[in-house]
Protein chains: 2
Amino acid sequence: LKEGELESFLSAHRPAIDDLLRRRFFYRPSFEIYGGISGLFDYGPPGCALKREVEDLWRQHFILEEDMLELAGTNLTPEVVLEASGHVAKFTDFMVKDEEDDRCWRADKLLVESMKEIINNKDTTEEVKEECRKIKSLADTYKEEQLHEIFTRFGIKCPGSGRPLSYPKPFNLMFGTMIGPSGRQKGFLRPETAQGIFVNFKNLYDYNRNKLPFAVAQIGLGFRNEISPRDGLLRVREFTMAEIEYFVNPSNKDHHKFQNVAAMVIPLFGQEQQELQTPPIYITLEEAVTRKIINNQTLAYFMARTYLFLRACGIKAEGIRFRQHMKDEMAHYSSDCWDAEILLSIGWVEVVGHADRSCYDLTKHAEKSKKNLLAAETYPQPRIVDFIDMKPNKGVMGAAFKAKNQLILAKFQELSELEKASIKHAIEEHGEYELTIGEESFKLTRDMIKPEVTQKSVSQETFYPSVIEPSFGIGRIIYSILEHAFRERTNVKEARSYLYIPPVIAPVKCCVLPLSKNPDFDQFVDQLKETIKRKSLSCEVDDSSTTIGKKYARCDEIGIPFAVTVDFQTVSDHTVTLRETLSMTQVRIPLENVGKVIQKLVFSQMTWENVQCTYPAFATEGSTN
Amino acid sequence: LKEGELESFLSAHRPAIDDLLRRRFFYRPSFEIYGGISGLFDYGPPGCALKREVEDLWRQHFILEEDMLELAGTNLTPEVVLEASGHVAKFTDFMVKDEEDDRCWRADKLLVESMKEIINNKDTTEEVKEECRKIKSLADTYKEEQLHEIFTRFGIKCPGSGRPLSYPKPFNLMFGTMIGPSGRQKGFLRPETAQGIFVNFKNLYDYNRNKLPFAVAQIGLGFRNEISPRDGLLRVREFTMAEIEYFVNPSNKDHHKFQNVAAMVIPLFGQEQQELQTPPIYITLEEAVTRKIINNQTLAYFMARTYLFLRACGIKAEGIRFRQHMKDEMAHYSSDCWDAEILLSIGWVEVVGHADRSCYDLTKHAEKSKKNLLAAETYPQPRIVDFIDMKPNKGVMGAAFKAKNQLILAKFQELSELEKASIKHAIEEHGEYELTIGEESFKLTRDMIKPEVTQKSVSQETFYPSVIEPSFGIGRIIYSILEHAFRERTNVKEARSYLYIPPVIAPVKCCVLPLSKNPDFDQFVDQLKETIKRKSLSCEVDDSSTTIGKKYARCDEIGIPFAVTVDFQTVSDHTVTLRETLSMTQVRIPLENVGKVIQKLVFSQMTWENVQCTYPAFATEGSTN
């Protein structure tokens, strides 16, 4: 129920929210004086300050509290890296075009829109509606020929012109460029920050003194040349991401701090709930991991940390859920994926991904770069393990293979136990085995090798670490914070909208307001500003000639949690009023205490109730405006 | 003298500095496993942490303390913006090529290298040497034909191959790309962050409630496709900049806080000193502005703030100077420019520019976008000003120009006073004037207009604000901090190198070291880590089995200013030792005081001497290792 209330409140107030964010320059389309570029936005002063605060909180919550290493890699990325990662071949969306005027659409999104239209048409039969619903839910899984078939079957044309749609073609979403003056070194702007961490794995592993597990975080830009950017900050072409790559031994994905969160309950919208169309389940993370609903402790631990982070950002509990990827939605190498979704005016939106990427990326980069990207773990005690000794008869082999014999003997060293087992089997069953090296092959016979199972003592294992990746879209989180912060005052004469952003991330912590233009107030205003800034708290002064009520309203609009007012009493007794936005209540407080009190309020070392107990109340505002 | 000592210390230790920075992963070439890409570097954990600390200090020092607005614009920039700013036409370096193997050189840099070689050749005559010195100093002022002539005259060939150099060609340094799916919208990665502020001028001016002066800051990336990147972090293709655009009425460039810095003395290497080849002068900023050595108070104020910032970053006083641009070095619209230069192992390097950009950029964007980017300032009292009234005789004009007459009358409204004065002069002297509108021209005669000087009361003026721009290269500052932080211990058995970075920007504030692998120490290590992190201070634990002396050396190498050691006494009395890197002295301190004391040390609320007075000294390290 609460979820439904939130959604209808947000969608009803969407125009008011957009108006406020634009008017107060939280963000606006980039290059507006030149008509703007879709999918690009600039953060103005309050938006930029909020972004920085969110990033700082993120660093505190993840990097500092979880002892992560931080990396800052480049955005320019040479082609070879993104070939290895698979982005050059596969980072595509299907595009359809109006061949005449060159307008383009992302095929799956156009399909969803078209299906919605058909479903909403009162002439559509129930049977067709059912089919359209199915197509709509599968839209992002179709290949080009399926998309084309459906567009054709339903007679879907180019929006606007009504001309036929082109055949769907994959469009690579990376921005390309040329690095260096020769014009021959192709590069791209990175589509994610993760690859910069993977290519540095060895350096980071060394930095961590070759110990696993460890986590590396990166806050930086990602670029995607979206075919049809839309929904403001939610689908853009240049965006800030914060990604964590947690490197762990694939044979043990437990997390040493899991017990701290094991009893937490977060809404899990698993594969089963999605299939059965039932609501998310509420069980402890302990149970979720034990029942294998969440694949492992580390994934669950980070989901819990994400939940706490989003709550600290002021996202409402009823507007958060964790949606598991369906089996056909995950990359083939991925063992489990959970998106943190936030309920916004346009519905549930993915803002954080939590994926188990297994060892896919490291393996690919090791292959392509021919560098060793393995980790090693020393056993507490050496282990006795079976292995197959090939027992070559070097005399017989030398006579048969001549100069090539060294090559074959070297190859034996590289064979896996599985490969050796099949050679052993072949030699024992058929007396011979055809060994392939590059393009040559060599027939091994029973007189050449006598593979035999034996044992050896092993003190360490080497392996490609698995990677658990929480990946945050900072822009989407900022937009979510702003929607969830939006409120309306109905207890004042004219309804007015404002933002309530948690003080710890509020873009401006406090404003200092002289009650009027009286020059006697100036020295107190300056003194307050200095006191507050000395605590490293941002602070704005509004010394315009507006009424104090309008000044409060202006501060409320950009989510400034506290306001200090200098009035006539200040001149006589050096006290000021301190007002809290959410409750609109005020206290009278000595000027010299203001900096310290606001600092404690911002960092949650004191509550507003504490302040109200310590200092006398001041006449409420409700009556005066 | 001290300057010379610094330079020779740094250049002698350059290999040791490079080795340390690489080994401890302050930064490394990006994509090293693929062979690296020149001009691109990744910051590893200590480098990335240092970068963040420097940015935080910059924000505190400039944005917070100077009440600036902060903006975050996009890197992707459509062509039209950079056409307006002049970058598409003029942001170029001359390039020469080996046509056969496609190697490229930046012509001016190759010229400098070639001249150095000729000068250093013992067979060169004194006369030629003198000419080469002159060419070397002018290398970056030559046009293509001059470069070609000099290369030819001195017989300079492609380094390595000895083949002829191509004719120099301008090479645009911007990275190009295509925005959107159509492949028709050309864009670039921004070469500086400034343009993002200029195109938002109107939004920012509104946000500031239409008051001048105000400053907007932006920390973000810039991209330049350098022809020959070199010198590590000093000349790279992707870099972080921090730029301030201070918008001010061109008729008054005083700064309201100038008196705070007027008595400061900073080394000024002005045009005069450079021409006469004399050392920088040391005079107060007050005197420098009064004598017009520095063009205005605002420029001088920011130079002072930059000086204080660099000093807070640990840059040595003898390694900072402010070099004024020579007249032919400045952009034509610029009235004065001063670079803060830092002395490094390779000589003096520009790290911060301070330029008076006048109203150039706003004018260009207003022209190109056809938007009003003017500011207005209301006079305290209305002013009486002269102006020319055209006094048209509408009857005569209407008869002569028919439908076009409205166009001409509208044009009168747009004319500047200067233009009206020349029309007045022409009419009075010659009885006629040829007025051009677009491609048409109209002959105005004495019977049509009677221009006359009259007066009007004006209550405000509108104008394009001037822009004073301090522009910081964050990567260059970081590299400078690291070189100036480099020290060597000679008071220990083996000379060993370390970094002394001021605690406020140290990448890691403190390390916690168990004296040995004794499990009794674990709970104290954990407790200390939690105490320190709760103060938002970064902290590393080294629980390896290395000796305590080696652990200290490791911490010293990455510039961790404080180390806390848990030893046997800790177990019995809950005290630990606290060590300061620079002095290598230690005190014994109760465990529960550690967090608070380190916090005060980091934020300069306490000195190490204070700590030594409060807590008992602990046996010095010198004797033990």
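Colleague: Which residue forms a salt bridge with Glu130(B)?
Modeller: That would be Arg133(B), with the closest N and O atoms 3.0 Å apart. Keep in mind that this is a predicted model.

Colleague: And how far apart are Glu130(B) and Arg133(B) along helix 6?
Modeller: They are 3 residues apart in helix 6 (residues 126-138) of chain B, so about one helical turn separates them.

Colleague: What about Lys424(B), which residue does it form a salt bridge with?
Modeller: With Glu428(B), at 3.3 Å between the closest N and O atoms. Both sit in helix 16 (residues 417-430) of chain B, 4 residues apart, about one turn of the helix. Lys424(B) counts as buried at 19% relative accessibility, while Glu428(B) is partly exposed at 45%. The cut-off for buried is under 20%, so Lys424(B) falls on the buried side.

Colleague: Over to chain A. Which parts does the salt bridge between Arg59(A) and Glu70(A) tie together?
Modeller: Those side chains meet at 2.8 Å, N to O. Arg59(A) belongs to helix 2 (residues 45-64) and Glu70(A) to strand 3 (residues 69-70), so the bridge connects parts 11 residues apart in sequence. Arg59(A) is buried, at 16% relative accessibility, and Glu70(A) is buried too, at 4%.

Colleague: Nice. Which residues are linked in a network of salt bridges?
Modeller: One network links Asp93(A), Arg106(A), Asp108(A), Glu226(A) and Arg235(A). Over all chains, the count of salt bridges comes to 108.

Colleague: Which residues form a negative surface patch?
Modeller: Asp520(A), Asp522(A), Asp526(A) and Glu530(A) make one up. Glu530(A) is in helix 18 (residues 522-534) of chain A and counts as partly exposed, with 38% relative accessibility.

Colleague: Change of topic: how many helices and strands are there in chain A?
Modeller: 22 helices and 29 strands. Chain A has 625 residues, and buried ones make up 56% of them. Its C-alpha trace spans about 110 × 65 × 55 Å along the principal axes.

Colleague: By what turn can chain B be laid on chain A?
Modeller: A turn of 180° with a shift of 0.0 Å along the axis does it, giving an RMSD of 0.3 Å. That is the relation of a two-fold axis.

Colleague: Which residue of chain B comes closest to the rotation axis?
Modeller: Thr177(B), whose C-alpha is at 2.7 Å.

Technical notes: Residues numbered from 1 in each chain as written. Chains lettered and ligands numbered in written order. Predicted model: local features only at pLDDT ≥ 70, side-chain atom pairs only at ≥ 80, totals over all residues. Heavy atoms only, no water. Patch = residues over 30% accessible without salt bridge, like charges linked within 9 Å, V, L, I, M, F, W, Y side chains within 5 Å. Areas by Shrake-Rupley, 256 points an atom, 1.4 Å probe, with all protein chains shown as cover. Salt bridge = Lys/Arg side-chain N within 4 Å of Asp/Glu carboxyl O. Lys, Arg positive; Asp, Glu negative; His and termini not counted. Charge placed at Lys NZ, Arg CZ, Asp CG, Glu CD. Helix = DSSP H or I, 4+ residues; strand = E, 2+ residues; numbered from the N terminus. Buried < 20%, exposed > 50% of the residue type's maximum accessible area, 1.4 Å probe, protein only. Least-squares fit on C-alpha atoms with pLDDT ≥ 70 in both.
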